[in-house]
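Let's take a friendly walk through this structure, one part at a time.

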Amino acid sequence: MNDKNGSFMKSKRRLIDNILWIGLIAVLAALIFIPGAIGKSTHTHVLVLVLLYASMAQSWNILGGYCGQISFGHSVFFGLGAYGAGMAMVTYGSMPWLGILAGAIIAAVTSVLLGWPCFKLRGHYFAIATFAIVEIFGRVFLIWDWIGGALGLDYPIIKDSWSYFLWSSNKTGYYTGALVLFVFIFGVVRYIESRKLGYYMRAVKEGQETAESLGVNSTKVKLTAMALSAFLAALCGAFFAQYNYRVDPPMVMSLDMSMKFVLITILGGMGTFWGPFLGAAVLIPLQEYTRTSLAFLGPGVDQMVYGLLIIFMMVRQPKGIMGFLAEFGILGRNEKKEATGDDAS
Amino acid sequence: MTLLDVHGLTMKFGSLVANREVSFSVDEGQIVGLIGPNGSGKTTLFNCVSGLYKPIAGRVVFNGKDITSKPVHEIAQLGLTRTFQIVKPLSDMTVLENVMVGAYLRYPDREAAREEALKCVKLCYLEEFRDRLAGDMTIGNKKRLEVARILATNPKMILLDESVAGLTSTEAKEMVALIVKLREEGRTILMVEHIMEAIMPISDKIVVLSSGSKIAEGRPEEIASDERVISAYLGEKYAKRFAHSGGGVGHE
Amino acid sequence: MDFFVQVLIDGLMNGAIYGLVAAGLSLIWGVMDVINFAHGEFLMVAMYTCYWIGMLVGLDPLFSWVLTGAFLFFLSAGSYKFIVRRSIGKAAMAPLLATFGLSIFLKNFCLNRFTPNFRLLSGTSLEGKVTHIFGAIVSQPKLVTAIFSLVMLCVLHYMIKKTRIGRAIQATAMDREAAELMGVDTERIFTLVFGIGGMCVGIAGGFMTSYLAVFPEVGALFSLIAFVVVALGGFGSIPGALCAALLIGLVESFAGFYIAPVMKYVAVFALYLAVVLVRPKGLFGW
């Protein structure tokens, strides 16, 4: 009886997850076709940011959440992607696509070259090494003239088009692009989550020694997770550059940007499929609207709210919104409760 | 045919010699017991064989291949896997997911891995717990999970590090039965155990360690009457008891 | 040659000051394995405190460091009590991220209250005075800060090694449970360690106000350098932190002069990476 109940619960959860996922895509896609829903409004801007930051967080979640390697260096990969797009557009005056691909590949290769030695470091040493990497990249990019130095790269004025992925009059294109990015990155995670790589990543996170004793090459798994994570983060970076019409080092390769990857994921729930989306869906609107509604209190108030929110989450529920939901028994994995329930029966 | 051959294995931590030139071999299909007092170097020996430690001297040959100092995961891929004395469940994953991690080694496909994992879960009497988080189970179930998980990697040889110790007497009997069943499936087993009642009756051979050195090796009845082993480890009482019972399980 | 001496002395002075800034962080990391991400912002708060004391009451930083030290002791101990303690053990990096939240809050609070402008305290007793050492021109307020940092580090080291409370701190760092069994109230020790960590950075910040402008972002770079110093020096070791800090100060100053100013921090962080990749526990770690 226990057995049936258990597997029933599990398959039911997976079904609910699938319905939610497809439903979410359908709703977000439908917005494009509803006249007036998407366009020039600030709400569109917020929606684009939610999708972008959710995608960034999800790319980080692969390495940090599923594989347990908490990196504070993802803004480097994000920046490499942004520069890939920027260089193609500005320096070579071409369409961004090849540049985006090149940026993403460079990011993946860089991540492996950096990860290979850094994965030997434990705990805080690894964290500080990733901080140091961000600082090094950020500063070197500041003085590197070939890629535009401190001035950065400013996009030329080009007619709105899909081929250049640039729009100035209307945000529908960006929204559509962000949605594609979002579905792609979340789709990748959804796919690997239930497959060998997903299991191996979680095994490495939960117990590296155990994983190795089961034939898992933990270094290879971590590097694969890292490369994938960096590649996807770079795609987000490219979108960010296209969306902002420019790229410069502090805009992308900063510690604050790295922290965004981490905090949105943690706010939503690390190592969960929905966490990155929930984190972005709560944090981004909150920030955007507090900025405008609390503007009379002076600058920085939205950031103060952000800081307090982080403190509150870490003190109250470090598993994030998914943790809160599990407390109420909605969504996600709350086997813990079932287990104690089963013990009684 | 010799499946595992340990030759002159020496391991030191600083100046402390944990294993001193230990040599023994395990034939295919055997159950070999490794016994000895606390601190005699049994777990260190396991760690050297399974690749966790790099021995400073000596050779470990498994299935005709020199595996000395090979990384743990490569040794596991060759078909030699181990359980941990202090159980290490992947706590935030369910029992089935734990076992699937093992199964993915030979079955990269999701459905095939799941099927194989279910088989192992069933074999280790864990079916009713398969959707529980591994971290939430009793110690007995966690020990079974350790076995189920390595079984899923379809190993030729299994190293069991105190899989019976700490279990209730019913659980212990089940575990011993399981070990016997594994041998019937054609797997070779090397086990460290403190509970003589569990290890003596089922072993084909016993290797005794004391202070890091091998002091005896032989069939269980020979070991039980070996003077050195009695004075170093077993004590008079057990030797007598074993002689009387003729080696049955479960005295308590 | 003159330049060499100048660069050398600048590097050593900066190093000594980094040493005091990092000492508190090192202590906290060593005793409780927590990185206080708001450490740099504590420095900033200390500088603002000292600045406003100077502006409003007219007290010189040479004296007001006592007040900033005391204030930061309570601020830091308070953040342990109300934030860090409640996040420890809940998830990987939770205390680090909680203190990161605190750092964002403090930074933006100061931004909101005091504007992003650079503020330099004027009219202090040592303002603009210089000393000549072997042909190098040395700013007196900075020299005093550096010398005082060394003194404070010695006091701190003595306190940890020789006093009763210091031994309790050491015991807690080595084995919390055993210390508890010996009758050490480890919860109080943790609060105290956080307080002392804040006090160190408070004193350093107080002195630094006499030559460095204060603005909301001033702490960010110092906290990164402090992380690097602590990781290089081996956590919990005051002499280790000092050696690492001097090394960092020298690397920064020589790279800045002989390579390019913008490269100085690149050199510092690259040095850190190079060292930990060879010795994963830092230069003096075990």
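In helix 13 of chain A, the buried residues are A:Asp302, A:Gln303, A:Met304, A:Tyr306, A:Gly307, A:Leu309, A:Ile310, A:Ile311, A:Met313 and A:Met314. Keep in mind that this is a predicted model. What do these buried residues pack against? Within chain A, their partners are helix 11 (255–268), helix 12 (275–293) and helix 14 (320–327), and they also meet helix 3 and helix 4 of chain C.

Helix 13 itself covers residues 301–316 of chain A, which makes 16 residues. From its first C-alpha to its last it reaches 22 Å, close to the 22 Å expected at 1.5 Å a residue.

## Where chains A and C meet

Now look at the contact between the two chains. Chain C contributes 35 residues to it, and chain A contributes 34 residues. On the side of chain C that touches chain A, the elements giving two or more residues are helix 3 (61–87), helix 4 (94–114), helix 9 (218–233) and helix 11 (264–278) of chain C.

Which of these gives the most? That is helix 4 of chain C, with twelve residues. By type, this side of chain C divides into 29 nonpolar, four polar and two charged residues.

## A glycine in chain C

Stay in chain C and find C:Gly30, which lies in helix 1 (residues 2–32). Is C:Gly30 buried or exposed? A residue counts as buried if 20 or more other C-beta atoms lie within 10 Å of its own. C:Gly30 has 25 other C-beta atoms within 10 Å, so it is buried.

Leaving out residues up to four places away in sequence, C:Gly30 touches C:Ala173, C:Phe235 and C:Gly236. C:Arg85 is 55 residues from C:Gly30 in sequence, and the two are 16 Å apart in space, C-alpha to C-alpha.

## The sheet of chain B

Chain B holds an open sheet of six strands, in the order 6-7-8-3-9-10, with mixed pairing. Strand 6 (80–82) and strand 10 (213–218) of chain B each have a single partner strand, so one side of each is left without a neighbour in the sheet. On average, neighbouring strands here are turned by 15° against each other, direction ignored.

Helix 1 (residues 42–50) of chain B packs on this sheet, touching strand 3, strand 6, strand 7 (157–161), strand 8 (188–192) and strand 9. Helix 6 (residues 169–184) of chain B lies across strand 3, strand 7 and strand 8, and runs at about 150° to strand 8 of chain B.

Key: Residues numbered from 1 in each chain as written. Chains lettered and ligands numbered in written order. Predicted model: local features only at pLDDT ≥ 70, side-chain atom pairs only at ≥ 80, totals over all residues. Pairing = 2+ DSSP bridges. Helix = DSSP H or I, 4+ residues; strand = E, 2+ residues; numbered from the N terminus. Axes fitted to C-alpha atoms, helices over the stretch in contact; angles between N-to-C directions. Contact = placed C-beta atoms within 7 Å. Nonpolar A, V, L, I, M, F, W, Y, C, P; charged D, E, K, R; others polar. Expected span 1.5 Å × (residues − 1). Buried ≥ 20, exposed ≤ 12 C-beta atoms within 10 Å, placed from the backbone.
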